[in-house]
Amino acid sequence: MNMNENNAVTIPILPFEYTPSAMPPDELQREIVNHGLPLGIDKINWNDYPYAPNVTAHLAHDGKQLFCVFSVNERHLRVR
């Protein structure tokens, strides 16, 4: 990860400006994963439950919009 002296990261710019009518969501997701900044999320916020699934995020922007793709890899997932 490229961090500067302020502990900030540079989020890559996509090689195109996203237009929903020109690109379906699954293709956009692939582009974000291919060109975006991969970040591992390994923070456990509770001590009594040490299990931590494999979670990553990919960040990118097109100059107007910020995009984030979260990936969670585990046996069980509950989303509300």
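The conversation below covers the sheet, the helix, the salt bridges and the core.

Author: This is a predicted model, in which local features need pLDDT of at least 70 and side-chain atom pairs count only at pLDDT 80 or more, while totals for chains, interfaces and linings use all residues. Residues are numbered from 1 along each chain as its sequence is written, and side-chain values use heavy atoms, with hydrogens and water left out.

Reader: In what order do the strands form the sheet?

Author: The open sheet has 3 strands in the order E1-E2-E3, with antiparallel pairing. Helices (H or I, at least four residues) and strands (E, at least two) are DSSP runs numbered from the N terminus, and two strands pair if DSSP finds at least two bridges between them.

Reader: Which strands stand at the edges?

Author: Strand E1 (37–41) and strand E3 (66–73) do; each has a single partner strand, so one side of each is left without a neighbour in the sheet. On average, neighbouring strands are turned by 20 degrees against each other, direction ignored. Axes here are lines fitted to C-alpha atoms, for helices over the stretch in contact, and angles run from 0 to 180 degrees between N-to-C directions.

Reader: Over how many bridges do E2 and E3 pair?

Author: Strand E2 (residues 54–61) pairs with E3 over 8 bridges. Within that pairing, His 61 is opposite Leu 66, and His 58 has Val 69 as its bridge partner. The hairpin of E2 and E3 has 4 residues between the strands, and Gly 63 there takes a positive phi near 95 degrees. E1 and E2 pair over 5 bridges, with Ile 41 opposite Val 55.

Reader: Is His 58 buried or exposed?

Author: His 58 is buried, with a relative accessible area of 13%. Buried means under 20% relative accessible area, exposed over 50%, and partly exposed in between (1.4 Å probe, protein chains only). Leaving aside neighbours within four places in sequence, the contacts of His 58 (heavy atoms within 4.5 Å) include Ile 32, Leu 37, Pro 38 and Phe 67.

Reader: Turning to the helix, where does H1 lie?

Author: Helix H1 (residues 25–35) lies across E1, E2 and E3, and runs at about 90 degrees to E3.

Reader: How many salt bridges does a search of the whole structure find?

Author: The search finds 2, a salt bridge being a side-chain nitrogen of Lys or Arg within 4 Å of a carboxyl oxygen of Asp or Glu. One joins Glu 17 and Lys 64 at 3.2 Å, N to O. Glu 17 lies in the segment before H1 and Lys 64 in the loop between E2 and E3, so the pair ties together parts that are 47 residues apart in sequence. Glu 17 is partly exposed at 48% relative accessibility, whereas Lys 64 is exposed at 65%.

Reader: And which residue forms a salt bridge with Asp 26?

Author: Arg 30 does, with the closest N and O atoms 3.9 Å apart. Both residues lie in helix H1, 4 residues apart, about one turn of the helix.

Reader: Which residues make up the largest nonpolar core?

Author: There are 8 residues: Leu 14, Tyr 18, Met 23, Leu 28, Ile 32, Ala 60, Phe 67 and Val 69. H1 and E3 are the elements that give two or more residues to this core. A nonpolar core is a set of buried Ala, Val, Leu, Ile, Met, Phe, Trp, Tyr and Cys residues joined through side-chain atoms within 4.5 Å.
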